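Hi,

Here is the structure I promised to pass on.

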Amino acid sequence: MIETIQEHIAEVEKFTATSIDAVEAFRIKYLGKKGILNDFFAEFKNVPNEEKKAFGQAVNELKNSATEKVNALKDALESKDEEKGRFGDLTRPATPLELGSRHPISIVRNQIIDIFSRIGFNVSEGPEIEDDWHNFTALNLPEYHPARDMQDTFFVQTDPDILLRTHTSSVQVRYMENNQPPIRTISPGRVYRNEAISARSHCFFHQVEGLYIDKGVSFADLKQTLQYFTTEMFGKSRIRLRPSYFPFTEPSAEVDVYWGLETETDYKMTKGTGWLEIMGCGMVDPNVLENCGIDSKTYSGFAFGMGIDRIALLLHQISDIRMLSENDLRFLEQFKSAL
Ligand code: PHE
């Protein structure tokens, strides 16, 4: 009997565990109600008197070593768990960094800037709160000119001279006032018009306007530049210029690009014509050049202007312009893969 107990003691000494559960199973096996030790204690009364002392000592030794073992293993494993709690599981891979995305307006604006910078245009900017001169008068739109109604204007407070710019042509006026030709510049920026907000139009939106002034600039140069742009931007080289009117250009035209009628979307977007209007343009009116301090006898130039929002809606198949200013992450996150 005592030999059996010695064997158990040896087994207890050897035992190790890597989990709390295994230690608990070990404890139940030896120290539990129906465990080995209780069996030995129950056996005690059957042990002959002369052996009782040795038997009792052996059983106590087994009990002590089992108890010590359980406590030691538990301590070791629990302190390991504490470490884990403090530092986390150091073997886990790190949380991936979330990449942000560019706004579709920025994506399209950058594409346009990129295309024109390749043919020598620089970027110019100006204030969004403008005065009457830069937004209207210098652009051949004197006070009471009926064409002022083409762009419903927000005035700042009660001063009719200070307004939110209705187009970025105001930046071109500033640029001409401060630079002599040759001028090749594009002006991207936000503009404001007092219009009812709907899926198609907003009271603020974004434009890129271009200006090219030098000796001998002709309408053919304008058309060639626009064709280069539509080819690079949309992969479409077929354009047409329809006569139009802007006070600051003469002659003036609307530019349509042939989108095609291959898919149902083409059909819808172009209302069944295949043509899509994308911008206004024209030869800068000599009056405008003179207003800005440029000699109209020596120099001529062209200008064009387009809406970035409309192009973004078109290229990314967005159905409502209001989405561009709602800052809804579910919408914005969809542009992660674009530029
Ligand atoms: N400024 C015009 C607009 O906002 C666009 C334009 C710019 C037209 C340059 C012709 C030339 O509607």
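**The ligand and its surroundings**

The side chain of R193 has an N or O atom 2.9 Å from an oxygen atom of the ligand. Please keep in mind that this is a predicted model. Taken alone, the ligand exposes 330 Å², and the protein buries 92% of that.

The ligand takes up the space of the largest pocket. Around the ligand there are 14 residues, of which H167, S169, R193, Q207 and E209 come nearest. By class, this shell has 5 nonpolar, 7 polar and 2 charged residues. Strands β5, β8 and β9 each supply at least two of the shell residues, and β9 gives the largest share, with 3.

**The cavities**

The largest cavity has a volume of about 60 Å³. Its lining includes S169, Q172 and M176, and helix α7 provides the largest share of that lining, 3 residues. The lining divides into 7 nonpolar, 3 polar and no charged residues.

The second largest cavity holds about 40 Å³. H167 and F248 are among the residues that line this second cavity, and F248 also lines the largest cavity. The lining of the second largest cavity has 6 nonpolar, 2 polar and no charged residues.

Best wishes

Notes:
Residues numbered from 1 in each chain as written. Predicted model: local features only at pLDDT ≥ 70, side-chain atom pairs only at ≥ 80, totals over all residues. Heavy atoms only, no water. 1 Å grid on protein atoms, 1.4 Å probe; cavity = no way out; pocket = protein on both sides within 12 Å on 5 of 7 lines; lining within 4 Å. Points joined across faces, edges and corners; volume = space filled by probe spheres on them. Helix = DSSP H or I, 4+ residues; strand = E, 2+ residues; numbered from the N terminus. Nonpolar A, V, L, I, M, F, W, Y, C, P; charged D, E, K, R; others polar. Near = heavy atom within 4 Å. Polar contact = N/O pair within 3.5 Å; in protein donor to acceptor, adjacent residues only side chain to side chain. Areas by Shrake-Rupley, 256 points an atom, 1.4 Å probe, with all protein chains shown as cover. Sits in = over half its atoms within 2 Å of the grid points.
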